[in-house]
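Please look over the sequence and the 3D structure shown here before reading on. The briefing below begins with a question and then goes through a few topics in turn.

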Amino acid sequence: MSDPWDDHVRDALGRIEAPARPPVGRVAQKGRRRMWARRAVGSLGGAAMIAAVVGVVGVAGWSGVQEPVRSSAQEPRAISAMNAEKLIHDQTMMINTCCGKRRHNGRIRTYGRFGGGGSVVARGVYADVSPDGQRIAFARVVPSQRIFIADVYVADADGSNRRRLTRDKISYAPSWSPDGSKIAMIKRLDPSGREDIFVINADGSDPRRLTNHGELLWDLTWSPDGTAIAYVVNDAVHVVQVAFGESVQITTPPERVSDHMPSWSPDGRHIVFNRSFGRRGDEVWRVAAAGGDAVPLTHGYGPEYSSTGEVAFQRREGKHGIAHTFILDSRGALRRLTRGRNDDGHYDWAPDGRHIVMCTHPNMSRASLVRILSADGSTTANVGFDAEVCYWVEWEGPLDPGG
Amino acid sequence: VDFEDFYAAHFERVFRAAYVSCHGRDAALDATQEAFERAYARWRRLRKEPWASGWVMTTALRLARRRSREVAVGHSLGVDESSAPETDSGELLEALRRLSERQRQATVLFYVGDLSVPAIASLMGVSEGTVKAHLAQARRALRKSLEGADV
């Protein structure tokens with residue numbers, strides 16, 4: 001997202017005068033030479049490449065907990081689209097696509113009983129599905145403006161009954177409370193880009209300011225009982241009590257380290273989060289929701305608790321840094337969910353904690369596929385989706401043991 | 001997408017990105033041109049990528065950085081590598097060049113490339129959290145530098 005200070009930077013950089021473009025023919029000619037050189041190296045260098053690969057096998061892994069990774073013995077069994085639809089059942093799955101440009105509104109598609117059957121139900125960013133699966137909230141940005149302008153909207157999951165919830169042009173990142181009665185959001189409060197969290201009733205009444213940081217905020221996440229919200233400011237995870245607006249910093253990252261992406265355990269007692277060490281990569285850590293000593297769990301990023309207490313996360317692997325998804329179960333055993341050349345993107349647990357929906361990029365391309373995987377790695381299904389870039393997925397709705 | 005159109009549409013941005021990473025317009029132009037040559041060599045695959053411009057920009061940043069180092073070594077050996085003077089360096093460019101390489105890369109892709117955080121994460125091969133951290137740290141450092149310089 002952009003603020004006026006960002007625009008100042010962008011304008012200053014935009015004033016750098018570029019020289020005349022060298023003729024494209026010259027670039028193409030040198031490019032062709034490079035292409036031929038690459039092909040020649042490719043055909044001659046196979047044996048050398050194999051030797052090199054063999055040479056690097058055995059690179060030391062993460063120095064923390066020993067991790068026997070249990071893999072599924074065989075490739076997951078594919079299930080049909082009809083069964084995928086059955087899995088979503090009376091819940092709602094939402095896909096928010098995005099684009100290269102930050103100021104464009106993506107397409108929001110919904111599936112399931114309350115959804116729009118996969119059609120585009122709204123255009124916006126930061127879409128969030130209500131916990132009962134019946135409504136969506138999202139922000140709409142005004143793309144052509146030099147300064148940041150966004151407002152929060154709500155609609156039924158099929159896109160009907162759309163309503164603009166804020167009219168201050170500074171609100172985004174809406175997040176439904178667990179009971180669906182409130183929506184938390186970030187507001188950008190002044191031209192220098194100060195932000196804070198506000199809570200508003202789902203009908204638009206009673207807006208209330210919760211924090212007083214005046215800094216860039218990220219990653220609002222409600223506690224399961226709806227009494228608190230975890231969020232990130234100044235590279236540390238904080239928790240604010242919704243009733244009193246009292247905010248506590250619960251992680252203390254060392255210098256040059258930053259904490260992000262908090263996720264609450266189902267009992268609300270713990271929070272897992274992503275600790276980034278810059279070049280040294282990312283680790284998944286856990287801390288008590290009341291604060292205390294944080295402990296490392298494993299290396300990886302983007303952790304997310306399931307309703308059954310398992311933690312999914314992702315790791316980039318191999319020389320191409322392809323993202324794969326793993327699950328850490330409640331006993332601390334690790335199992336791999338994906339492998340191969342599909343580059344995994346954003347994911348979300350199903351309400352039952354037995355399935356995961358995921359944006360994935362086949363063969364490392366930017367094209368997107370939305371997959372449903374069972375958490376034990378036994379089955380997989382693709383959800384109908386075209387070539388847009390899948391940016392965000394969510395799966396919400398009532399738990400139905402019979403479903 | 002036709003390569004010629006792609007080249008015409010993105011040349012200036014890629015040059016700006018490279019220029020932020022190295023001292024001197026000649027070095028930035030060299031890096032820009034080589035990045036596009038490399039893109040041409042992979043164009044059949046790259047043309048389908050929505051973030052092809054991000055790929056070229058990342059490559060140009062890396063090449064510019066390498067050229068900067070070569071120039072620095074040249075200077076230390078007494079080799080005269082003088083190039084045209086910078087036309088519009090300014091406090092901001094100086095502050096950007098003082099950032100760590102990864103912070104600068106994320107910042108340039110964000111501000112010059114106008115790419116989203118997920119796109120930058122994908123291009124840099126890091127998590128979104130890392131990109132956000134780089135951006136937040138870079139913003140703080142830039143603000144501090146600029147406010148300190150009364151700009």
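In which sense, parallel or antiparallel, do strand 9 and strand 10 of chain A pair, and over how many bridges? This is a predicted model, in which local features need pLDDT of at least 70 and side-chain atom pairs count only at pLDDT 80 or more, while totals for chains, interfaces and linings use all residues. Residues are numbered from 1 along each chain as its sequence is written, chains are lettered from A in the order in which they are written, and side-chain values use heavy atoms, without hydrogens and water.

**Sheet in chain A**
- Strand 9 and strand 10 (residues 182–188) of chain A pair in the antiparallel sense over 4 bridges, where pairing requires that DSSP finds at least two bridges between two strands and a strand is a DSSP run (E) of at least two residues.
- These belong to an open, antiparallel sheet of 4 strands in chain A, in the order 9-10-11-12.
- Strand 9 (171–176) and strand 12 (208–209) of chain A each have a single partner strand, so one side of each is left without a neighbour in the sheet.
- A:Tyr172 has A:Ile186, in strand 10 of chain A, as its bridge partner.

**Chain A overall**
- Chain A holds 29 strands and 4 helices, helices being DSSP runs (H or I) of at least four residues.
- Of the 403 residues in chain A, 51% are buried, meaning under 20% relative accessible area with a 1.4 Å probe, counting protein chains only.

**Contacts of one residue**
- B:Phe3 touches residues including A:Val24, A:Val27 and B:Trp43, leaving aside residues up to four places away in sequence; contact means heavy atoms within 4.5 Å.

Notes. Buried means under 20% relative accessible area, exposed over 50%, partly exposed in between (1.4 Å probe, protein chains only).
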